[in-house]
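Thanks, everyone, for making the time this morning. I would like to walk through one model, so please have the sequence and the coordinates open as I go.

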Amino acid sequence: MPEDDLRELRTACLLHDVGKVAVPDEILLKPGALNTQEIEIVRQHPAIGEDICAPLKSLRRILPVIRHHHERMDGSGYPDGLCGHEIPLMARIVQIADIYDALITNRPYRDALPSEDALETLNREAGYGWLDSSLVWKFSQICRCHEYFPVRGRSMLASYYA
Ligand SMILES: [Fe+2]
């Protein structure tokens, strides 16, 4: 990607979940499974994030990334049920990095997974038709060479809670 796109991708990575400010902590930090109503509230966060960032001209180009980072390649994602390459490339990249980061980070409901287990999960989800399998393959290659991002036990976000 050109440097300008990479800059936007980095900004999108930081802001993609900003809509979660509208999700109550008791749902975000719930140790057990979410009920139907709670799932519905969580699923609103991409559109809320888009609404929050929309007034800022400097974020205009990443609005589709924020809105579509929970779409799935087979159309079963949200909020719009986009399929395959209808999902913006940056959104497909962010969702892979986001899932990986979640898996290798301690959560209220489970401990962090080792990197290899997280990559296995990503590959499985690509196999289900949820993630872009060519991007998951590239991500796995980059991750295994430990060159661009070292494996961490905690995410930057998680460290704020320390
Ligand atoms: Fe999200």
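Let me begin with Lys 30, which counts as partly exposed at 23% relative accessibility, where buried means under 20% relative accessible area, exposed means over 50% and partly exposed lies in between, computed with a 1.4 Å probe on protein chains only. The side chain of Lys 30 meets that of Glu 38 in a salt bridge, at 2.8 Å from N to O, and Glu 38 is buried, with a relative accessible area of 15%. By salt bridge I mean a side-chain nitrogen of Lys or Arg within 4 Å of a carboxyl oxygen of Asp or Glu.

Before going further, a word on the basis: this is a predicted model, in which local features need pLDDT of at least 70 and side-chain atom pairs count only at pLDDT 80 or more, while totals for chains, interfaces and linings use all residues. Residues are numbered from 1 along each chain as its sequence is written, and side-chain values use heavy atoms, with hydrogens and water left out.

The structure holds ten salt bridges. One of them joins the side chains of Arg 61 and Glu 8, at 3.1 Å from N to O; Arg 61 lies in the loop between α4 (45-53) and α5, and Glu 8 in helix α1, so the pair ties together parts that are 53 residues apart in sequence. Helices here are DSSP runs of H or I with at least four residues, and strands are runs of E with at least two, numbered from the N terminus. Arg 61 is exposed, with a relative accessible area of 56%, whereas Glu 8 is buried at 18%. Asp 5 joins Glu 8 and Arg 61 in a network of salt bridges. Glu 8 also touches Ile 62 and Met 90, among residues beyond four places away in sequence, contact meaning heavy atoms within 4.5 Å.

Turning to α1 itself, which residues of this helix are buried? They are Asp 5, Glu 8, Leu 9 and Ala 12, and, seen down the axis of α1, they fall within an arc of 105°, so they line one face of the helix; the arc is that of the directions from the helix axis to the C-beta atoms. These buried residues pack against α5 (63-68) and α6 (89-103).

Next, the metal site. The iron ion is coordinated by Asp 17 through OD and by His 45, His 69 and His 70 through NE2, at 2.1 to 2.2 Å; donors are N, O and S atoms within 2.8 Å of the metal, or 3.2 Å for Na, K and Ca, and sites may look incomplete because water is not among the atoms. In sequence, the donor residues are spaced D-x27-H-x23-H-H.

Finally, Gly 84 is found in the loop between α5 and α6 and counts as buried at 14% relative accessibility. Gly 84 touches Met 73 and Arg 92, leaving aside residues up to four places away in sequence. From Gly 84 to Gly 129 the separation is 45 residues in sequence and 9.2 Å in space, C-alpha to C-alpha.
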